[in-house]
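Good morning, and thank you for coming. I shall present one structure today and go through a few of its features in turn.

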Amino acid sequence: MKKELKIIQKERTNPLAHVFDDFISFCQSKSLFMLHYCTGCGAIELPPAMTSRFDMERLGIQPMVTPRQADILLITGYVSIKTLKRVILTYEQMQSPKYVIGICSCTVNGGMYWQSYATAKKLNEYMPVDVYIAGCMPRPEAVMEGLQRLKDNIRNDKKEHKGSAWKDYFNRYDYYLGNQQALFGDDWQTPTDIIAEAKLYDLETEETYGKHTKLLEKHQTPLLPQEMRIK
Amino acid sequence: MTFLDHLFIVVFISLIAISALRNLRIVDKLAPVLYGLILIMLVRMSSVAYGGDVYLSSVSLDLLDFKMHWQFTALSWYFAIITVVAALASAVFMSGDWGRQYREQGGNYGMLQLALIVNVFSMILLLGSGDLLSLFIGWEFVSWASFLMMVLSPTKLAKKSAVKYIVYAMTGAMALMVAIVMIYSVNNSLEFKQIGEVFTQMSTSSQLALVLLFFVAFAIKMGLLPFHLWQAIAYAETPGPGAAFLGAISSRMGMFTIVLVIVQFIGLGGLKQLGISFVNMQTLLAWVAALTTIIPTYIALQQHDAKRLLAWHGVGQGGYMLLGIIMFDSIGSAGGLMHVLNHASYQAALFMTVVAVMYRTGTSDLNKLGGLVTQMPLTFLVMLIGIIGLAGLPPMNGFVSKWLVYRSLLVNGQPLLFVAAVLGTLGTILSVYKLIHNTFLGQLRLEHQNVREVPWSMLVPMLGLSIIVFITGFMPGLILPWIASVQESVGLPVIAHHLGGIEYAKGGLDMIWVSGILFYGFGVGALIFYFLGGKSKRVHQYDNYAGGHFLTSDVRYHYSNNFYPGLMHLIGGWYRGSFKWLENSIVSVVSFFSIFFENIYRAKQPVMLLLIGVVLALFALYRNLGVGA
């Protein structure tokens, strides 16, 4: 069962904090780089959306080649279990704030693959999804509408709390990890240490930890970064 | 006793000391001290580089009816200081752990030290030459000294390329000798200034022959087209710091003699009067230089051995030097002359980084390296500074000299030569990126996980050279007085300079401003990154994006083999090896004739042939005597 997103807000003491926040979210909403992980047939609607007919770039959205520099992860179709591993890896490599858009019915509820044993049905069980664009496939107009919705969410995040779904992944990591482990097995791990990142970004809650993270800790072999130093 | 005599004495004593002590361990520490002493002797003579008087040696040799003597002009001093600093850096580099490893691997370390000092000795002898005879003697010394160093490497290829080099060098020396004889036969004098006088008295065809003979001799040493084939492999195969020294300065002796003889005494007027319609000797030499910048640079682009890549660049950069000096104006010749120092500084540093990588990993094959930046950060820094210099980008010194050359080409109305020079730079940038990417960036291999930074005995000369690369780029005014004195002494127009660069009516250059703006840009970036941005964290190299693939140590995502396939698809057809073909065909012809005569003389009835020869000779002698009587 999907729980309501619960956003934890910190106390702000700076009197100008809201002005800054407003300005930053305005800037963020106007400049978005998009990594499209084209998993299924929905990808075919992206070229018209990106090129001159619908021109996504007028919204300030551009394709980007690596997750490290991307803001939006676009999943365009059914996600097989094998693909889902890659999608999660890519998602975890993205830097916060990051947004996920699920395009096509397949990402919402499995779509025409609802019976398939090899397909993940609901994407938001494995990672927080900001916007779903349903349809089989959605027209470019719908894609643009969805992107516009995402921009509005980011812009009005402080009032409506719809644009910070990415925090949920750190806040309730145990829930997402549990779903991932159920699919991929108990020895599932990615190179990214989410718990360490949650600590780094100051986003850990009691729900970050749980029995699934304990299971992960048992077999996790951390990839320590290589220090640049003179030995 | 003048300062020049002191210099010669110190160099000679160093030569004797090193050759006597070469098999003892003390030579490690002694050699850098001796090079330091030679450097001090040179610095004492530095007034010549600031417009002072020429130093004459009090030693002279009487030969027939001719006095052979030595002197040090601003030009000699300029090349000598580059030579000695390069030798000092190489000697420090090999004095510590590198030398130990070289000995353990069975290398003849003492011989390497001896070869280095012999090179320095012979180069100073050449640079100090005061007439054509001492020039020729120095020239021969330099040729054989380089050969001594090249032949030290035990590989078969090294021996073969060294022999190839000495064949080329002897051809050049023969050309030089014929040219000297041509001059001697006119006025019975071997003074330098005779060249100019004799040149004006000669017929046009003799003038052409003289210029071509001189140029062929010097072009062979410098590796200019079409004599470029010997250099790269011979230098690349030379052991470690020897390659750094040879690559930095050895072939620039050709540049020295070009300036000394062709620029100084034949001059622009002399070159321009040799020609038909719009093609004259100056355009010919300029196009030789332009093609030398392009062709070897694009050969370098194809190399996958780091030392060979650098050695081919050494050939290519020689083209810029000639291209600058052949313009005969103040900024062009300053650029060409300055490029000698600039190239020596970054080329030595770059060779040393490659040798350092070889010291730790055992290979210079660019397809077998990668990701070493975390293990050898200072070596990476030196290579970064070096390749910025080699590619001619600010704020390093390569930019200044290349800028001067470009500027001169544009001002002199040579847009096609300018395009050729830029094409050469394009190839340089592409291939130095390949060098640093394949060595230091990307994925660290499993077998290199425990590689460490090289010891300080190797780091200090590398860092010192890279500081020179930066400082002379940031403040070229430190070098430009030397250049101005050289220009004055060889009769070129003198460049107007200040600490930051040059003053020139059609747009000057101030590197302090250029570098300042560059660092200002970096500073703004650093402010945003470190103070305004969010938190950063380091990640492991396997936490990397490869289309969502999970990376492990057995998956290679660092693609270094067949670099630039797209470019090679476009230009690959141009690599035809025409010069190699030409060289091979000449070699075949020569070996055919040598086999032919060997068979006649040795394999078939030698006694009979000898008898016939003697009879014929006696007959000729008899006839001559008979006619005489």
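Leaving aside neighbours within four places in sequence, which residues is B:Ala86 in contact with? Please note that this is a predicted model. With those neighbours set aside, B:Ala86 contacts B:Phe245, B:Ala248, B:Ile249, B:Ala344 and B:Ala348.

The largest nonpolar core has 204 residues. B:Ala86 and B:Ala348 are among those that touch the most other members, and so are B:Trp77, B:Val84, B:Phe214, B:Leu323 and B:Ile483. Another core, of 49 residues, lies apart from it, and its members include A:Leu73, A:Met94, A:Tyr126 and A:Ala165. In soluble globular proteins, nonpolar side chains tend to be buried together.

Let us move to a helix of chain A. Helix H3 of chain A covers residues 81-93. Its 13 residues should span 18 Å at 1.5 Å a residue, and the end C-alpha atoms are 19 Å apart, which agrees. Among the buried residues of H3(A) are A:Leu84, A:Val87, A:Ile88 and A:Tyr91. The buried residues of this helix pack against several elements of chain A, including strand S1 (32-37), strand S5 (99-103) and helix H8 (173-184).

Next comes a sheet in chain B. Three strands form an open, antiparallel sheet in the order S5-S6-S7. Strands S5 (496-498) and S7 (509-510) of chain B are at the edges, each pairing on one side only. Three bridges join S5(B) to strand S6 (residues 501-503) of chain B, and B:Ala496 stands opposite B:Glu503 in S6(B).

Finally, the contact between the chains takes 18 residues from chain A and 17 residues from chain B. On the chain B side, seven are nonpolar, four polar and six charged. Thank you.

Key:
Residues are numbered from 1 along each chain as its sequence is written. Chains are lettered from A and ligands numbered from 1 in the order in which they are written. This is a predicted model: local features need pLDDT of at least 70, side-chain atom pairs count only at pLDDT 80 or more; totals for chains, interfaces and linings use all residues. A nonpolar core is a set of buried Ala, Val, Leu, Ile, Met, Phe, Trp, Tyr and Cys residues joined through C-beta atoms within 7 Å. A residue is buried if 20 or more other C-beta atoms lie within 10 Å of its own, exposed if 12 or fewer, and partly exposed in between; C-beta atoms are placed from the backbone. Two residues are in contact if their C-beta atoms, placed from the backbone, lie within 7 Å. Two strands pair if DSSP finds at least two bridges between them. Helices (H or I, at least four residues) and strands (E, at least two) are DSSP runs, numbered from the N terminus. Ala, Val, Leu, Ile, Met, Phe, Trp, Tyr, Cys and Pro count as nonpolar, Asp, Glu, Lys and Arg as charged, and the others, Gly among them, as polar. The expected span of a helix is 1.5 Å times one less than its number of residues.
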